[in-house]
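Could you open the model in your viewer and keep the selection tool ready? We will walk through it stop by stop.

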Amino acid sequence: MIKVKYGIFSDIHSNLEAWCAVLDDMAGQQVTHPVCLGDIVGYNANPRECLRLVRELHCPVIKGNHDEMVATAHDTRNYNALAGEGIAFSRKHLLDDDKIWLARLPLSLRLGNFTVVHSSLDEPAKWNYISTELEAESSFIYQNTQLCFCGHTHVAKIFAQQAGSARELPKTARVELQRGARYLVNVGAVGQPRDRDWRASYVVYTPADALIEYRRVPYDLALTRKKILDAGLSEPLAMRLGMGA
Ligand SMILES: [Fe+2]
């Protein structure tokens, strides 16, 4: 019998090389159920191609803040200059049909025994960041499943909650889930990691083994950088990728 394996990824951000490398790695890991946690577009040079590949998966997808910004005419004033530039670029290059599809995405979903959200469960539409144990506790209040997967910070990390308080677990590639504990798992970013590791990040979750595995996948960084510069996007967008920042 085929074992159910979820491949859970977030923040592709128009980085086609990173996204294709993750697709290949998921195939190698025998992922049966891909799940996308949003921010497919923004920042990098291939929004249309990345979105097409996500849509072709016909998998569950939730909305990220960049997806919302690109799909609407909302003012980017509250975004930093590089983020605003990426949003403008994606707006210009996506088809209307793609924007309508992005606009209709849900903010969170329950899938089997777990929940997915781009930012946090307490106020998903406010796009709060969960970086600290205190911030994780706010999200845990609204978490009705043992497991929740999120993205948004571009930093892979995992919080566990037992007896009311949340703590960040030490970074390991494999996490065996314990009964009686709840988990909030940030899967990191495919297309723009910010945890000082440039490789694409995602997670494989195997319910039958109660196991979460963090994957880091190298990709053709030089090509991604060249495309960013050739597209007329700012050099810092290209340089930050190599720093994992
Ligand atoms: Fe993002």
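**Before you start.** You are looking at a predicted model, in which local features need pLDDT of at least 70 and side-chain atom pairs count only at pLDDT 80 or more, while totals for chains, interfaces and linings use all residues. Residues are numbered from 1 along each chain as its sequence is written. The helices (H or I, at least four residues) and strands (E, at least two) are DSSP runs, numbered from the N terminus.

**Stop 1: the sheet.** Select β2, β1, β10, β11 and β8. In that order, these 5 strands form an open sheet with mixed pairing. Two strands pair if DSSP finds at least two bridges between them. Now look at the edges: β2 (33-36) and β8 (174-176) each have a single partner strand, so one side of each is left without a neighbour in the sheet. From one strand to the next, the twist averages 20 degrees.

Zoom in on β8 and β11 (residues 211-217). The two strands pair in the antiparallel sense over 3 bridges. Here you can find Val 175 opposite Ile 212 of β11.

**Stop 2: a hairpin.** Next, select β6 (residues 157-162) and β7 (residues 165-168), an antiparallel pair with 4 bridges. Gln 162 stands opposite Ser 165 in β7. The two strands form a hairpin with 2 residues between them, and Ala 163 in the turn has a positive phi of about 50 degrees. Is Ala 163 buried or exposed? Ala 163 is exposed, because 6 other C-beta atoms lie within 10 Å. The cut-offs are these: buried means 20 or more other C-beta atoms within 10 Å of the residue's own, exposed means 12 or fewer, and partly exposed is in between, with C-beta atoms placed from the backbone.

Stop 3: Most residues other than glycine have a negative phi. Select His 154, in the loop between β5 (147-150) and β6. Its phi is positive, near 65 degrees. His 154 counts as buried, with 22 C-beta neighbours inside 10 Å.

Then go to Arg 196, in the loop between β9 (182-186) and β10 (200-206). Arg 196 also has a positive phi, of about 65 degrees. Arg 196 is exposed, with 9 other C-beta atoms within 10 Å.

**Stop 4: α1 and α2.** Select α1 (residues 16-28) and α2 (residues 47-57). Their axes are 9 Å apart and the packing angle is about 20 degrees. Axes are lines fitted to C-alpha atoms, for helices over the stretch in contact, and angles run from 0 to 180 degrees between N-to-C directions. The two helices are therefore roughly parallel to each other. Angles under 35 degrees count as roughly parallel, over 145 as roughly antiparallel, 65 to 115 as roughly perpendicular and the rest as oblique. Show Leu 16, Trp 19 and Leu 23 of α1 with Glu 49, Cys 50 and Leu 53 of α2 to see the contact. Residues are in contact if their C-beta atoms, placed from the backbone, lie within 7 Å.

**Stop 5: α7 and α8.** Finish with α7 (residues 221-230) and α8 (residues 235-243), whose axes come within 8 Å and cross at roughly 170 degrees. That makes α7 roughly antiparallel to α8.

Note on methods: Contact = placed C-beta atoms within 7 Å.
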